[in-house]
Amino acid sequence: MNKLLLLKQYFLTKYGRRFTSREKLLAFHDKKMKKHIKIVLKHSTFYKKLYQDERYHHDWTSLPIITKSDMMDSFNELNTVGIKKEKAFQLAFDAEETRDFSPRIGNVSIGLSSGTSGNRGLFLVSNREEAMWAGTVLAKMLPSSIFREHRVAFFLRANSNLYESTESGKIIFHYFDLLDSFPKHIERLNQLKPSIIIAPPSMLRMIATWKHKQIISISPEKIISVAEVLEDLDRTYIEHIFQQTLHQVYQATEGFLAATCSFGVLHMNEDIIAVQKEYLNKEKGIFVPIISDFTRKTQPIIRYRLNDILIEKKTACPCGSHFLALERIDGRCDDLFYGKKLLTNEEICLFPDFIRKSIMIASDQILEYKVMQREFNLIEIKLKVESDEEVVKELVLAELQKLWKHEQLLIPQFHFTPYDIVTSDRKLKRIENMMKGKSNDSFI
C-alpha cells in the first residue's frame, strides 16, 4: 500500500477540491475524462474498438453506453493489465471458500460482487487505485482526523484487500464475516467497542436491538449503512437507539459512488466520477445513473449504465456542496413492480418507492415488512407488527389497492404470509420482483 498516495488523496479530497459552481464541476469532469480516455485507449482493446470513431474522442458524453453484461462478456479485452476472466473468477471463488481474501494477481486485487442469481461481477483494483480509494473513503467517512485512533467494525459478506487498505497508522480495521454466528459478533463487539460501525442496514438493525436489550455495550462515534437499500423504517430505529445521524455509503463493483455529508444527505462522489442521468420519471427526479470513473485505469468504467434506481433531491443541500444530492437510493431496476392498465392492458411499472410509501402510510405498528411480486396478478406481503395484526393487514391492503387504483391498473390478488425473514449473507430486499424473467442480482 502506498501510504503517501493515500495521504495525498485524503488531503486532496478533504481540503483540496472545492467547486464554487456546478459549471466548474462539469468543466473539471470534461478535462479529466478527455485525459483519462487517451490513456485507456492505449491499453484496452475493447475501448479501442468501441471508440474507433474519432468524434468520440472530443465529445465523451456521447460515447456508447456499456452495461454489466458488456463488461463481463468483454472482460479480457476491457481490462488494461491482461488478466483473464477465468483466472480471476477462480481466485475470487477460492477466496470465498477459504474466507482468505488476501491473494492477488500481481499487484491487482480481485473482488466479486454479491449477485444472487448467477449474474456476479468481477472487479479489479491496482495497488495505486487501492491507495486512492482508501484516501477518498477516509476523507469522506471518518468522524474526525485521520491521525486520531479509530477502531472500525466492518460487517460484510466478503472481505477484500480494498477494504483492508483503509488501515492507516492509528486506524485499525476489524472485519466481521456476515456468515459468522450472532453470539460471535456479540462477543467481538463487546471486546472491540468500535468507534465506527459499517454494516448493511439489516445487520445494523440487529446490532441496535442488541444494544436496546443491553446485550452489547458500545457507543460508536459514527454508524454507516452499506450494501442494502436503506429503508426509513430501519433508519428511524437505528438513529433512535444510537441517538445519532445514520450515514450511508453507496459502494458498488463499479466504484465508490456516493457518501453522506455532515447533514446525512447522500451526494454522488463527483470528485472522482462523472454522472449522467437516464430519467425514468423526470418530474419526480427518478433516474438510472450512467457513470464514468476517471480514477480507475485497471478496469475502466466509462459511460457505464448501472441497474440502480436513484431519486435526486429537489432542494439544495444545506452543506453547500455542488455534488449531485440524492433523496434516496430506491432499489434495482429489476425490482420494479408491474401492472396492466384497466382499459388498454398496457404494461406499466410501479417504482419501489410507491410500494414503500403505501406500506409506511398504512400503520405505525409495522416493525418489519417484505412485499414480493410473484405474478402480474399476485403480490405476496409479509408483516411483523406490534399489535392488532389483522387490523394492520386491512390497512395495508387498503393502501396498496388505493395505489393500483390511482395508477388505473387491474388490482391483483394481495396474499399475506407469515413474516419469516432472517438476516443472513443474502442482502435483504423488502421490495422484490420475483417474476420469472424480471428478477436479477441484489442491490450492491
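Modeller: Start with a term: a helix here is a DSSP run of H or I with at least four residues, numbered from the N terminus. The model is a predicted one. Tyrosine 15 sits in helix α1.

Biologist: Why is tyrosine 15 called exposed?

Modeller: Exposed means over 50% relative accessible area. Tyrosine 15 has 54%, so the label holds.

Biologist: What makes Phe11, Tyr15 and Phe147 a patch?

Modeller: Nonpolar side chains are joined within 5 Å, given over 30% relative accessible area and no salt bridge. Phe11, Tyr15 and Phe147 form such a nonpolar patch on the surface. Together they have about 350 Å² of accessible area.

Biologist: What is the volume of the second largest pocket, and which residues are closest to its centre?

Modeller: The space is about 670 Å³. The lining has 24 residues, and Thr13, Arg18, Lys140, Cys261 and Ser321 are the closest to the centre. α1, α8, β9 and β10 each give two or more residues to this lining. By class, it has 9 nonpolar, 9 polar and 6 charged residues.

Biologist: Why is a cavity not called a pocket?

Modeller: A 1.4 Å probe fits in a cavity but cannot get out, whereas a pocket is open. The count is 2 cavities of 30 Å³ or more. The largest cavity has about 120 Å³. Among its 14 lining residues, Val229, Glu231, Lys429, Arg430 and Ile431 are the closest to its centre.

Biologist: Which element gives the largest share of that lining?

Modeller: β15, with 3 residues. By class, the lining of the largest cavity has 8 charged, 5 nonpolar and 1 polar.

How values were computed. Residues numbered from 1 in each chain as written. Predicted model: local features only at pLDDT ≥ 70, side-chain atom pairs only at ≥ 80, totals over all residues. Heavy atoms only, no water. 1 Å grid on protein atoms, 1.4 Å probe; cavity = no way out; pocket = protein on both sides within 12 Å on 5 of 7 lines; lining within 4 Å. Points joined across faces, edges and corners; volume = space filled by probe spheres on them. Nonpolar A, V, L, I, M, F, W, Y, C, P; charged D, E, K, R; others polar. Patch = residues over 30% accessible without salt bridge, like charges linked within 9 Å, V, L, I, M, F, W, Y side chains within 5 Å. Areas by Shrake-Rupley, 256 points an atom, 1.4 Å probe, with all protein chains shown as cover. Salt bridge = Lys/Arg side-chain N within 4 Å of Asp/Glu carboxyl O. Buried < 20%, exposed > 50% of the residue type's maximum accessible area, 1.4 Å probe, protein only.
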